[in-house]
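Reader: I would like to learn how to read a structure one feature at a time. Could you take me through this one slowly?

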Amino acid sequence: MAVDQRVLISEANLRQVGGVPTEDGRFVNTGLLFRSGYLSDLSGDSFNLLQGLELRNMVDLRRPTESQERPHPELLDCRVHAFSVSEDDNEFAVIANRLGEPGLSQQAPEMIAQYFAGNITHRLDRYRPVFQFVTNPDHYPLLFNCTAGKDRTGFVAAIVLRLLGVEESVVVDDFLLSNEVRRAWIDQKFVEFRDRLAQESGVAPENLDDDVLAPLRVLLLTQASFIEAVFAAVERQWSSWDVFRRDGLGIDDAQFSRFQKSLLV
């Protein structure tokens with residue numbers, strides 16, 4: 001994989017939110033907004049790089065149990081703000097508990113797409129404070145993260161980029177970048193889960209039917225259809241992204257103007 005300059009620490013899926021073009025020919029500024037997975041294992045040069053970002057704030061999207069299991073590292077002059085945006089019994093957990101069940105391979109992709117759309121249609125109240133905080137330039141430099149840095153974090157990054165006028169196809173590519181950045185971790189987890197399923201089924205791993213393994217890939221990999229479901233939900237529920245920003249997210253014109261001036265060059 002060619003190194004994407006936005007990727008700063010691959011093992012944490014830590015990368016710039018900026019560095020991509022907008023539809024009107026500008027670019028999203030770098031050095032102000034960052035996204036990642038969990039950071040608790042970072043050490044040495046990776047930790048020094050994280051510290052060198054001089055973050056003022058970190059937005060933790062994880063559930064309390066996740067944060068307790070992998071707490072944020074202590075960073076100089078940086079505050080951590082907890083915004084738990086998901087429940088323990090979400091669609092990801094349902095699929096994980098049903099791995100190996102016949103017919104799940106057809107249901108799993110749609111279940112996760114519905115989960116993402118549900119962030120707009122049913123859980124926007126959980127995310128609203130996140131977007132109000134993340135779009136306030138007084139909080140920069142800022143990092144937002146979850147456990148893998150691909151789903152909850154990917155959703156927030158996608159909305160931020162669309163609000164800034166980044167084309168949908170570019171946002172989709174950015175969402176899918178997690179698959180490449182996390183490739184080694186994905187391959188390792190796939191083997192672990194595959195071997196467990198094989199043991200439970202009493203067959204050799206190489207003899208597992210692909211229908212059994214397909215839902216596992218849905219859990220580990222991002223798919224374009226997931227974030228496209230978000231765009232479709234915004235279009236169905238709101239007449240425009242500007243209306244969604246103002247009435248759905250509660251970001252007023254004054255803050256949005258400051259946000260644009262800070263992040264667009």
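Predicted model: local features only at pLDDT ≥ 70, side-chain atom pairs only at ≥ 80, totals over all residues.

Reader: What is the phi of Asn13, and is Asn13 buried or exposed?

Author: The phi of Asn13 is near 50 degrees, a positive value in a residue other than glycine. With a relative accessibility of 1%, Asn13 counts as buried, a word that means under 20% relative accessible area, with exposed over 50% and partly exposed in between (1.4 Å probe, protein chains only). Asp77, which is not a glycine either, has a positive phi of about 60 degrees, but Asp77 counts as exposed, at 66% relative accessibility. You will find Asp77 in the loop between helix 2 and strand 5 (79-82).

Reader: Which peptide bond is cis?

Author: The bond from Tyr140 to Pro141 is cis, its omega being near -5 degrees, and Pro141 belongs to the loop between helix 5 and strand 6 (142-145).

Reader: How should I read a pair of aromatic rings, and how many aromatic pairs does the structure hold?

Author: Such a pair is described by the distance of the ring centres and the angle of the planes. Rings of Phe, Tyr and Trp (its six-membered ring) pair if their centres lie within 6.5 Å, and planes under 30 degrees apart count as stacked, over 60 as edge-to-face and the rest as tilted. The structure holds 12 aromatic pairs. In one of these, the ring centres of Tyr115 and Phe116 are 5.6 Å apart and the planes stand at 85 degrees, so the pair is edge-to-face. Both partners are buried, Tyr115 with a relative accessible area of 2% and Phe116 with 0%. The rings of Phe231 and Trp241 have their centres 6.2 Å apart and their planes at 65 degrees, so this pair too is edge-to-face. The pair links distant parts of the chain, with Phe231 in helix 10 (residues 224-237) and Trp241 in helix 11, 10 residues apart. Phe231 counts as buried at 2% relative accessibility, and Trp241 is buried with a relative accessible area of 15%.

Reader: Which residues do ring pairs link into a cluster, and where does the charged end of Arg162 sit?

Author: The cluster is made of Phe92, Tyr115, Phe116, Phe175 and Phe226. As for Arg162, its charged end sits over the ring of Phe231, 6.0 Å from the centre; a charge sits over a ring if NZ of Lys or CZ of Arg is within 6 Å of the ring centre and within 35 degrees of the ring normal. Arg70 lies over the face of Tyr38, 4.1 Å from the ring centre.

Reader: Which residues of helix 11 are buried, and what do they pack against?

Author: An α-helix has 3.6 residues a turn, so residues three or four places apart point the same way. In helix 11 the buried residues are Trp241, Val243, Phe244, Arg245 and Gly248, and they pack against helix 4 (104-121), helix 5 (124-134), helix 6 (152-163), helix 10 and helix 12 (253-263). Take Phe244, whose place is in helix 11 (residues 241-248) and which is buried with a relative accessible area of 0%. Leaving aside residues up to four places away in sequence, Phe244 touches Ile120, Leu124, Ile159, Val234, Trp238 and Leu249, where contact means heavy atoms within 4.5 Å. Phe244 and Ile120 are 124 residues apart in sequence and 9.8 Å apart in space, C-alpha to C-alpha. After helix 11 comes Gly250, with a positive phi near 70 degrees.

Reader: Which residues lie nearest the centre of the largest pocket?

Author: Rolling a probe the size of a water molecule over the atoms shows where empty space is left. On a 1 Å grid over the protein atoms alone, a pocket is an open set of points where a 1.4 Å probe fits, with protein on both sides within 12 Å along at least five of seven lines, and lining residues have an atom within 4 Å of a point. The largest pocket is lined by 39 residues, of which Glu66, Thr147, Ala148, Arg182 and Trp185 lie nearest its centre. Helix 2 (64-69), helix 3 (91-97), helix 8 (183-201) and helix 9 (210-220) are the elements that give two or more residues to this lining, and the largest share, five residues, comes from helix 8. Trp185 has its place in helix 8 and counts as partly exposed, at 34% relative accessibility.

Key: Residues numbered from 1 in each chain as written. Heavy atoms only, no water. Helix = DSSP H or I, 4+ residues; strand = E, 2+ residues; numbered from the N terminus.
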